[in-house]
Amino acid sequence: MTIAALNSTSAPAILPGSGGMRGALSDLFWRKPQLLLFLMLAPPVLWLGIVYIGSLFALLAQSFFSIDEYSGLINHEFTLKTYGDLFRPANLDIIVRTVTMAVLVTLASAIIAFPIAYYAARYARGRWKALFYLGVMLPLWSSYLVKIYAWKLILAKEGILTWLLAKLHLLWVLDGWLSLPVVGGNSLSVSATGTFIAFVYVWLPFMILPVQAALERVPGNLVEASSDLGASPGQTFRNVLFPLALPGIVAGSIFTFSLTLGDYIIPQIIGTSRLFIGQAVYSQQGTAGNIPLAAAFTVVPIVIMGFYLWGAKRMGAFDAL
Amino acid sequence: MTSAVSFQKVSRHFGSVRAVDAVDLDIVPGEFFAMLGPSGSGKTTCLRLIAGFEQPTSGSISIFGERAEGVPPYRRNVNTVFQDYALFPHLNVLDNVAYGLMVKGVGKAERQKAAEEALSLVRLPGYGARRPGQLSGGQRQRVALARALVNQPKVLLLDEPLGALDLKLRENMQEELKSLQKALGITFIFVTHDQGEALSMADRVAVFNDGKIMQIGTPEDIYQRPKTRFVADFVGSSNVLPPDFVQRYSGQHRWGSLRPESIRIGRAAKGEGVAARLVGTNYLGATTKLALDAEGLRLHAIVPAGTKLPAEGEAVVLTFNREHLHLMDEPA
């Protein structure tokens, strides 16, 4: 375009007036950005504050009440008696079982997730990366219940796993494992091992994605620099990759750990009749009608997660963020 | 004498791209060697071949007489200063510098002492407790240098180490690197696209283009006696003169190179020379760069500041000393 062409168009006003109501509103928001921010944030903050946090506090308040054991009515007076009940052997057993399961599921998820996340972050490009995301996300799009019942069928005595092991003449391994106390049972689908497998399967994507995001942020030349300075691949993993991926592993473990602590469907469908925290909450507030004890049980994962995050922070898991 | 690094017909191809194409190269122990070239010319790939991050597609590389193909980077007594330093963000400066000794199993007290010494060598004593994120670009550069030097490598590779620094800092670091190299006597191999940097620091320079070495020589060789049009133009933006033009002044039908500072400008009325017209002037502080048009041939001249200049568009006469017209090997 030439200068003549630029000049030929009729010169617009230097400061044209705002056009109508909407223009005036835009101008107002431009001059007072805080107003726009307030209007945007008010509805979600109200939702979060009242509906979300508020209901949580209402629940927590319940845990400081107690149930009258004869009438079954709730006694609305402040007491720590319900928390004392948590330490009864039967209830403590539930807590220990759930926490142990959560720890094992988290460790297994981290060990399985790391190589997958590493491949996706370091090597997968273009189409393979899309395939990775699809592969990781696809199970999340399908129904949780369907997946668990599918696993029940896979793990059942007549299921494909038993059939496969029989074909491979490895049935003795499965039988040997199932004859062990605690982890064993009549078949995988009614054993603690089955519960563990289903948990790892269902929560694995929540571990892979944050670890992959953390590894994605580690520049490739740090790995090269480590190698250049004489570190073998194993040393590079221990001294560079793992510390830098740790925030991602911690983020992922928050999901796998807390989701396992709270879940009540998987152990109900796949596993033994021994209860987990989620099932205890479910039965206490439902059939037993003991809302204070159910509330006290829900406080347990919250407290454990609080300690967990505090410990992770002290370990320096968030330093590299 | 064995070469510090020796390339024999080394090629590195990425698919159909010949990043490095049949390069022969011998680097003398203890020399400051620069690899100069535009981006994508293969100089960084050559450096990565020496470090072990890349393996040659064909040809052989030896480092101090030992065959290097198939040897991983962590078993090469060669260290690299990376372009963007690649300092470990989760370690403090001291642990960064001591990293190479740590993975070799040197005890904590000993390696920290060595790291402190390396930090004082690069004039950063007492910075050990800081994190890389708390340092300026120039300081990070020095930490990266200390981290490489603490391992006492036989060869130090520097990949555009000064690229991210501002001009003043870059000039200081050039001098420091040069004196450090003299003091330590380590072979330095330095990759840069900045011809000024290569000429001022290196004992010898290899000019790269399209995966090939165009010329190897001392900075003076490269600057005064370029062999090809590419070298003449890339190093110091020489005036590349076509064979027909050169024939008139030297009698030989060959490509010529004439440095801008060798051209003198005279008034059109006076004396003999190349008739030209002044097209533009470019004030550079200490000098002024002139753009000239000699019957369709674009030429540049550099004159000291303060020289009386004709007005733009005026006819001028160009003269130069015949010895300054360098004839190049490249066939006409």
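**Close-up 1. The bridge partner of B:Asn239 in this predicted model.** B:Asn239 has B:Leu258, a residue of strand 12 of chain B, as its bridge partner. Strand 12 (residues 256–258) and strand 11 of chain B run antiparallel and are joined by three bridges.

**Close-up 2. The open sheet with the order 11-12-18 in chain B.** Three strands form this open sheet, and their pairing is antiparallel. Strand 11 (239–241) and strand 18 (326–327) of chain B are at the edges. Each of these edge strands has a single partner strand, so one side of each has no neighbour in the sheet.

**Close-up 3. Domain 1 and domain 2 of chain B.** Domain 1 covers 5–233 of chain B, and domain 2 covers 237–327. Their C-alpha centres are 38 Å apart. Where the two domains of chain B touch, six residues of domain 1 are in contact with six residues of domain 2. Helix 8 (residues 229–234) of chain B supplies three residues, the largest share of the domain 1 side. By class, the domain 1 side of this contact has three charged residues, two nonpolar and one polar.

**Close-up 4. The contact between chain B and chain A.** Chain B gives 18 residues to this contact, and chain A gives 18 residues. On the side of chain B, strand 6 (78–81) and helix 2 (93–103) are the elements that give two or more residues. Helix 2 of chain B gives the most, with three residues. The side of chain B that touches chain A is made up of ten nonpolar, five polar and three charged residues.

Conventions:
Residues numbered from 1 in each chain as written. Chains lettered and ligands numbered in written order. Predicted model: local features only at pLDDT ≥ 70, side-chain atom pairs only at ≥ 80, totals over all residues. Domains from an automatic or database assignment. Contact = placed C-beta atoms within 7 Å. Helix = DSSP H or I, 4+ residues; strand = E, 2+ residues; numbered from the N terminus. Nonpolar A, V, L, I, M, F, W, Y, C, P; charged D, E, K, R; others polar. Pairing = 2+ DSSP bridges.
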